[in-house]
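Me: I have a structure open and would like to go through it piece by piece. Can we start with the packing?

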2 protein chains.
Amino acid sequence: MQESDGAGAGTLPVPGPTLGVVGGGQLGRMLGEAAGPLGVELVVSDPTPDCPARSVVRDQVVGDFDDYETLRELAERADVLTFEIELADPDTLDRVSEETGTPVHPAPETLRTIQDKYVQKEALADRGIPVPAYRRVDTVEDLLAAGDDLGWPLMLKARRGGYDGRGNVPVEGPDGAEAAMDAVAGPAMAEEMLDFERELAVMGLRGAGERDTFPVTETIHREEILRESISPARAADGVRARAQEVADEVLDAMDGRGAFGIELFQVDPDDYDGEAILVNEIAPRPHNSGHWTIEGCLTSQFENHVRAVLGWPLGATDRRAPAANANLLGDVEENRPAELRGADRVLEADGAALHWYCKREARPLRKLGHVTQVGTDGDDVGELLERVRGLRDATTCRPE
Amino acid sequence: MQESDGAGAGTLPVPGPTLGVVGGGQLGRMLGEAAGPLGVELVVSDPTPDCPARSVVRDQVVGDFDDYETLRELAERADVLTFEIELADPDTLDRVSEETGTPVHPAPETLRTIQDKYVQKEALADRGIPVPAYRRVDTVEDLLAAGDDLGWPLMLKARRGGYDGRGNVPVEGPDGAEAAMDAVAGPAMAEEMLDFERELAVMGLRGAGERDTFPVTETIHREEILRESISPARAADGVRARAQEVADEVLDAMDGRGAFGIELFQVDPDDYDGEAILVNEIAPRPHNSGHWTIEGCLTSQFENHVRAVLGWPLGATDRRAPAANANLLGDVEENRPAELRGADRVLEADGAALHWYCKREARPLRKLGHVTQVGTDGDDVGELLERVRGLRDATTCRPE
């Protein structure tokens, strides 16, 4: 079991091993919560002093995600480096890894590919992985040509830096092309506007010589922000099997170890050359669509990310029970100190788990926490979804 | 929901609330792991620098469990004070609570009662709660008289300070009385030697105006140290119901909020005046017999202790699946740096959860971690017990 480039799992020493995590937001926090029972320590780096992860991990190095000194210190203090945010700089990660001998997982090269949505799509398409039709767009002329090819309306996406729908601009027709290019403000790609049946996601795992996927999640977005996730997904068995299959192909295209969030569209095969699943985007880290695995699976995506990057055996991904998850988003008009009113409603609900990320500031639609409602075998997942929506709606971070 | 003496759950602020915990061993560590998702911060106090809880909580105050300055600082930094070790000093807790206005849960008075095994037994017996026959023993003469009353052999217990069987001395007959008194070295009590069928335990919860118990646990000791815990307990339904009933009576005898570990003996009612359950001992804190609730129940004993002492709603205690737990004890002849060899065997097992407490030093029979094996509904708990024993036996902290 002793991994040559990891901390090894044959023998657990005290203290450590230490995982250095670039990013100390909610994902870093939940990684810390998952690492504790395993005896794994975390040091995170984040530009925000006292970031959300801080109070549940060993230490924080305060500094930007691409700051050399910060990442260098992190690498020196860690047995393995990883990241919970795509803003981690792959060049700096490569450099500090080489200088210190501390391995980085997943591979910075994979992060580099994923950071650029166009390069990401190319990498998938080159391997024959089904993706929506797309075009590279650098100019208004490119966008108009893409519209001719793909049809209007289409979706214009900034190639870099977008998340939670930021950087995604729907374009109705040629008249909107110039404004859309102004909005993305840089290199972009156009994607056909899909008439999808539902959105799905699969959390995939690459360990040391092993591979696994979690049960398929159905994700529900509004204004391009993930609102709810449920599992099992309400898709036919064959569709779910196809989603797992495509996720396996995506994992093959990745380098290094860790958890990968694989966002998918379920489409009508009659409209898409017989294909029911198209890949939307990949995140080389634990992902919001997998938060339900904390209570819902034998081993969570967070624990499995920790195990994977350390080169330890992966834990079983079996679903223990149907689960529904709802994000607690900042329901405020403007920034204000964060608080959660109505938390008692969540705490009182049998089988509901509250996760409050301890972000200091509530901002409009900012992810501040989540609630997961688990059921028991045979429970209707649609009913669990209604229950978790009710719990979410009973809370607010608006002032009284 | 706003509690007058707690932090209240109607509204969750950021940061905090902060829970001050006297003791930062494995129980403090698991309290910290449970508090994280709720957005609750922990500060622990412990005499050992970098105690096991340290790396998963906000901060540690280094100092003895009865040190005024230490507990005063803890009280100043916390919204609510609690303890994870009976060595916490009730007088000092009362004093710092009064000085700072920070409430303490459970009540120091209850801790005071429980710290003295004779006073504890008296408090239970006075309320008509079934306990083994016992006598106060201050001298060899008292012990000989107790033997006449209770019969030989009997169990001599130091009134204070014993744990994991330390301070418990079986006495075969009058000839052993003097040596036994020397061994306990202080005020003691004698208890009839029970011919019990099995040992059981119930984790009880006292919240703000509510009460609950976890499903009954069967506990298996060897050399008076808990080795394994399983739930459901392999006792008849009526016996389990009686255990819950007795646990409820015990909870009535306690003051303040929190989790209580209630250790029980199951005896043959024909031999004990028709009574199937006798109370052995109570711990006013999360307890080793409830570790399986982390994976086995909807809400763990640790999360429920956090909720209870804060005056928040208690979480559902339902068992999600049969579970078996085995302690990882120091299997060394003498003290040495702790490490866990064979951890990969545990990590590879489906449905097994590893908890490694990060104690620096392995000592003979010291609790260094535990493994919980969960099954699925209908699984035979005896089979789970064999599996978790196999996992435990595959690990060692002996050097190669």
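Me: Which elements do the buried residues of H4(A) pack against?

Reply: They pack against helix H3 (90-100), helix H5 (117-126) and strand S15 (277-283) of chain A. Contact here means that the C-beta atoms of two residues, placed from the backbone, lie within 7 Å. Helices (H or I, at least four residues) and strands (E, at least two) are DSSP runs, numbered from the N terminus.

Me: And which residues of H4(A) are buried?

Reply: In helix H4 (residues 108-115) of chain A they are Pro108(A), Thr110(A), Leu111(A), Thr113(A) and Ile114(A). A residue is buried if 20 or more other C-beta atoms lie within 10 Å of its own, exposed if 12 or fewer, and partly exposed in between, with C-beta atoms placed from the backbone.

Me: What sort of model is this, and how is the numbering done?

Reply: This is a predicted model, in which local features need pLDDT of at least 70, side-chain atom pairs count only at pLDDT 80 or more, and totals for chains, interfaces and linings use all residues. Residues are numbered from 1 along each chain as its sequence is written, while chains are lettered from A and ligands numbered from 1 in the order in which they are written.

Me: OK, domains. Where do they fall in chain A?

Reply: Domain 1 covers 18-104, domain 2 covers 133-192 and domain 3 covers 198-393. These bounds come from an automatic or database domain assignment.

Me: How many residues do domain 1 and domain 3 of chain A bring into contact?

Reply: 17 residues of domain 1 of chain A touch 15 residues of domain 3 of chain A. On the domain 1 side, H1(A) gives the most, with 8 residues. That side divides into 11 nonpolar, 3 polar and 3 charged residues. Ala, Val, Leu, Ile, Met, Phe, Trp, Tyr, Cys and Pro count as nonpolar, Asp, Glu, Lys and Arg as charged, and the others, Gly among them, as polar. The C-alpha centres of domain 1 and domain 3 of chain A lie 23 Å apart.

Me: There's a sheet with S4, S3, S2 and S5 in chain A. Is its pairing parallel or antiparallel?

Reply: Parallel: the 4 strands form an open sheet in the order S4-S3-S2-S5. Strands pair if DSSP finds at least two bridges between them.

Me: Why is one side of S4 and S5 of chain A left without a neighbour in the sheet?

Reply: Strand S4 (59-62) and S5 of chain A stand at the edges and each has a single partner strand, so one side of each has no neighbour in the sheet. Strand S3 (residues 41-46) of chain A is joined to S4(A) by 4 bridges. In that pairing, Val44(A) has Gln60(A) as its bridge partner.

Me: Which helix lies across all of S2, S3, S4 and S5 of chain A?

Reply: Helix H2 (residues 68-77) of chain A does, at about 160 degrees to S2(A). Axes are lines fitted to C-alpha atoms, for helices over the stretch in contact, and angles run from 0 to 180 degrees between N-to-C directions.

Me: What about the sheet with S6 in chain A?

Reply: That one is open and antiparallel, with 4 strands in the order S6-S9-S7-S8. Its edge strands are strand S6 (134-137) and strand S8 (168-171) of chain A. S6(A) pairs with strand S9 (residues 188-192) of chain A over 4 bridges, and Arg136(A) stands opposite Met189(A) there. Helix H6 (residues 140-150) of chain A packs on this sheet, touching S6, S7 and S9 of chain A.

Me: Switching to the two chains. How many residues does each give to the contact?

Reply: Chain B gives 42 residues and chain A gives 42 residues. The chain B side divides into 21 nonpolar, 8 polar and 13 charged. Across the contact, strand S18 (residues 339-341) of chain A runs antiparallel to S1(B), with 3 bridges. One of the facing pairs is Glu339(A) and Pro13(B).

Me: What rotation superposes chain B on chain A?

Reply: A rotation of 180 degrees with 0.0 Å of shift along its axis, at RMSD 0.0 Å. That is the relation of a two-fold axis. Val56(B) has the C-alpha nearest the axis in chain B, 2.3 Å from it. The superposition is by least squares on the C-alpha atoms of residues with pLDDT of at least 70 in both copies.

Me: Last one: is S21(B) mostly covered or exposed?

Reply: Mostly covered, since 8 of the 8 residues of strand S21 (residues 367-374) of chain B are buried.
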